[in-house]
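I opened this model to look up a few strands and a charged patch. My entries follow the viewer.

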Amino acid sequence: MIEGEGDAEPDVGYRSVLDGVSDLVVLVDPDGRVTYANAASERLLGVAPETLVGEPLVRSVHEADADAVEQLLSAPASASTAADAPRSVEARARSADEGDRRWLAFVRTARQPASSDAVVVAVRDVTERRRREGRITAQNERLERFAATVSHDLQTPLSVASGSLELYRRTGDESSLERVDRALQRMSELTSDLLGLAREGGRVADPDPVDLSVVAAAALETSPLPADGVAVHPDLPTVLGSEVRVRSLFENLFRNVADHAGPDARVWVAPLTDGEDDSGGSAVGFVVEDDGPGIAADDAESVFELGTSSDHDGTGIGLHVVDTIASAHGWDVSVTAGRHEGARFEFRGVDVVPAADADGADGDVNPNVNGAE
């Protein structure tokens with residue numbers, strides 16, 4: 001590639017050619033120090049060629065990537081064509097601004113300057129390619145989470161439909177078919193909304209008034225908890241959001257209680273107010289509390305992470321779905337120890353619809369207070 005005259009620097013003719021090359025070309029001596037750099041060093045590394053000369057090349061990269069670049073430079077010349085020899089590495093350019101970090105590809109050529117121990121390295125900016133790869137990776141991870149969410153959320157109504165159909169076959173009680181119909185309708189709603197969730201990137205774009213009392217009671221229809229075990233406060237606020245997603249939030253919370261505390265656990269769904277307790281003041285959110293085993297304080301942050309579960313047979317998806325739905329609405333969710341020694345999930349940052357505006361929003365629909373049908 002470069003033919004010198006016994007030193008480790010290209011002659012004037014080659015310099016004029018190399019200065020017109022968009023990639024950075026450097027000569028590096030056996031100690032790893034730069035003996036020559038073309039004009040592209042200004043654009044790629046932000047330093048003039050003469051400033052780069054005499055400095056170790058690894059000083060131009062992030063310290064976490066320095067070892068990989070050193071390994072590339074230190075490989076003996078006879079190994080440059082070996083199958084297991086490093087021919088190129090990618091490293092982050094040293095920068096004070098982590099948000100504007102650039103990625104560089106260092107390629108060691110198979111040839112050296114004549115009569116020299118110097119190594120010829122071409123350096124190219126691959127930041128855009130790395131960013132594209134990062135976006136693709138993030139998209140694939142979102143798709144995997146989406147698939148897991150779909151599978152998880154469909155399990156509850158599917159179980160209800162399967163169990164009710166089996167009950168009908170054994171008893172002939174046609175009321176069981178009504179539960180099958182409701183479960184299938186719920187599956188249809190979930191499928192439609194989850195697809196919309198994937199397209200919209202997770203945010204609730206056009207929120208509607210949602211009566212939390214009505215939706216929490218509706219979630220009991222596809223819940224493994226008995227209706228008389230869940231107390232839904234009649235003064236829960238009406239909030240702005242997606243009714244289908246809020247119902248899914250309650251379904252996942254109820255299922256989490258059933259999975260960890262059993263079907264006999266008690267659950268309370270109540271307003272969260274700006275008073276000293278939940279009995280007075282204006283509603284600023286809502287609370288879902290149970291009398292189960294609770295969640296350890298050390299696990300309060302990680303409990304919403306995908307794959308986290310205290311149950312060896314658990315999927316670790318349910319509370320992640322709860323957090324995802326809350327985030328889609330712009331709500332903050334946290335978990336603390338409840339007043340009944342169980343878990344207390346608090347939802348804040350909720351857009352509460354004033355009572356005067358909420359009146360009549362749901363027509364003649366009455367909330368299923370305290371879970372009683």
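The entries below cover the ground rules, a set of strands, one valine and a surface patch.

I note that this is a predicted model, where local features need pLDDT of at least 70, side-chain atom pairs count only at pLDDT 80 or more, and totals for chains, interfaces and linings use all residues. Residues are numbered from 1 along each chain as its sequence is written, and side-chain values use heavy atoms, with hydrogens and water left out.

**Strands.** I looked up β12 (residues 343–348) and found it paired with β11 (residues 332–337), antiparallel, over six bridges. Strands here are DSSP runs (E, at least two residues), and helices are H or I runs of at least four. Two strands pair if DSSP finds at least two bridges between them. D332 stands opposite R348. T336 has R344 as its bridge partner. Five residues separate the strands of this hairpin, and E341 takes a positive phi near 70°.

I then checked β10 (residues 283–290). It also pairs with β12 in the antiparallel sense, over four bridges. F286 stands opposite F347 there. Five of the six residues of β12 are buried (under 20% relative accessible area; exposed is over 50%, partly exposed in between; 1.4 Å probe, protein chains only).

**V25.** I placed V25 in β1 (residues 24–28). V25 counts as buried because its relative accessible area is 3%. V25 and V123 are 98 residues apart in sequence, yet 6.3 Å apart C-alpha to C-alpha.

**Patch.** D173, E174, E178 and D181 form a negative surface patch (residues with over 30% relative accessible area and no salt bridge, like charges joined within 9 Å; a salt bridge is a Lys or Arg side-chain nitrogen within 4 Å of an Asp or Glu carboxyl oxygen). D173 sits in the loop between α5 (127–171) and α6 (175–200). At 37% relative accessibility, D173 is therefore partly exposed.

Notes:
Patch = residues over 30% accessible without salt bridge, like charges linked within 9 Å, V, L, I, M, F, W, Y side chains within 5 Å. Areas by Shrake-Rupley, 256 points an atom, 1.4 Å probe, with all protein chains shown as cover. Lys, Arg positive; Asp, Glu negative; His and termini not counted. Charge placed at Lys NZ, Arg CZ, Asp CG, Glu CD.
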